[in-house]
Amino acid sequence: MLSFWLLFCFFSLFSIIIIVPPIISLAIRKNLFDIPNKIKIHKKPIPRIGGVSIFISFLFAQILLFFFPQKDLFLSTTNSNLLNIYISSALFFFLGLYDDLYKINALKRLFLQFLISSFTWSQGIAITSLNFPLLIPNNYSFVLPNFLSFIITIIFITGIVNAINWSDGLDGLASGILFFSSIALTFISFKNGQIAIAILLLLMALNCLG
């Protein structure tokens with residue numbers, strides 16, 4: 001079974017390697033370049049819609065999964081939040097793509113990001129408790145009231161999205177950060193028995209590598 005999932009993930013890597021060249025060609029034809037400036041330290045203009053290839057490959061892998069019998073194991077280890085994760089991720093992707101193509105005022109973009117994060121929280125994907133194992137023994141957790149859960153969750157989600165976005169000042173830097181982060185979280189998820197999440201993270205890591 002493990003060999004199937006590994007083959008499936010590497011198939012996703014192969015698919016993005018195929019998808020990237022047409023995306024680069026499209027960016028060149030449409031003159032969609034990331035121009036060097038005081039923040040962007042690459043030396044020459046670079047096609048800027050590489051994230052589209054990651055989105056297409058990742059989505060294709062999820063659709064393809066439902067044609068294999070092994071999908072039952074995957075679905076049985078997920079929870080009802082998986083669809084909401086897909087929806088929120090897609091909303092963030094299309095917001096980022098629109099910003100790349102047409103530019104959105106920073107405050108308006110932040111407001112829309114908070115809206116998407118709020119939707120995510122409303123669907124039960126939330127930080128509901130905090131613990132500090134290095135400071136407080138016995139793994140004691142502080143249960144958060146709803147208003148604090150809401151504030152911390154939307155700041156966390158929006159903060160992570162912007163941290164990755166702002167790190168993209170060097171060609172391949174953002175995807176490199178996501179690759180290593182996803183690999184680390186893959187091992188953590190496997191260790192905690194969260195098989196479906198581990199598979200999604202491994203898919204994301206290999207897509208970023210591609």
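By the criterion applied here, the structure contains 1 salt bridge, a term that denotes a side-chain nitrogen of Lys or Arg within 4 Å of a carboxyl oxygen of Asp or Glu. The partners are Arg109 and Asp99, whose side chains meet at 3.3 Å, N to O. This pair links distant parts of the chain, with Arg109 in helix H5 (residues 106-122) and Asp99 in helix H4 (residues 82-102), 10 residues apart. Helices (H or I, at least four residues) and strands (E, at least two) are DSSP runs, numbered from the N terminus. Arg109 and Asp99 are both buried; buried means under 20% relative accessible area, exposed over 50%, and partly exposed in between, with a 1.4 Å probe and protein chains only.

The model is predicted: local features need pLDDT of at least 70 and side-chain atom pairs count only at pLDDT 80 or more, whereas totals for chains, interfaces and linings use all residues. Residues are numbered from 1 along each chain as its sequence is written, and side-chain values use heavy atoms, with hydrogens and water left out.

The protein has 8 helices and 4 strands. Read from the N terminus, its elements follow the order α-β-β-α-α-α-α-β-β-α-α-α. Of its 210 residues, 31% count as buried.

The interior may be considered next. A nonpolar core is a set of buried Ala, Val, Leu, Ile, Met, Phe, Trp, Tyr and Cys residues joined through side-chain atoms within 4.5 Å. The largest such core has 18 residues, and those with the most contacts inside it are Phe8, Cys9, Leu203 and Leu206. Helix H1 (2-29), helix H2 (50-65) and H8 each supply at least two residues of this core, and the largest share, 7 residues, comes from H8. Cys9 is in contact with Ile199, Leu202, Leu203 and Leu206, when its neighbours within four places in sequence are left aside. A second, separate core of 7 residues includes Ala27, Leu32, Ile49 and Phe93.

Asn84 lies in helix H4 and, at 13% relative accessibility, counts as buried. Not counting residues up to four places away in sequence, Asn84 touches Phe119, Gln123 and Ile125. Ser117, located in helix H5, is buried with a relative accessible area of 0%. Beyond its neighbours within four places in sequence, Ser117 is in contact with Phe92, Ile154, Ile157 and Thr158. The loop between H4 and H5 contains Lys103, which is exposed with a relative accessible area of 55%. Phi of Lys103 is near 65 degrees, a positive value in a residue other than glycine. Most residues other than glycine have a negative phi.

In H7, Ala174, Phe179, Ser182, Thr186 and Ser189 are buried. These residues cover an arc of only 130 degrees around the axis, which puts them on the same side of H7; the arc is that of the directions from the helix axis to the C-beta atoms. An α-helix has 3.6 residues a turn, so residues three or four places apart point the same way. On the other side of H7, Phe180, Phe187 and Lys191 are exposed. The cover over the buried residues of H7 includes helix H6 (146-166) and helix H8 (195-209).

Ile177 also lies in helix H7 and is partly exposed, with a relative accessible area of 33%. Leaving aside its neighbours within four places in sequence, Ile177 is in contact with Ile164 and Ser167. The C-alpha atoms of Ile177 and Ile164 are separated by 7.9 Å, although these residues are 13 residues apart along the chain. Just after H7, Gly193 takes a positive phi of about 75 degrees.

How values were computed. Contact = heavy atoms within 4.5 Å.
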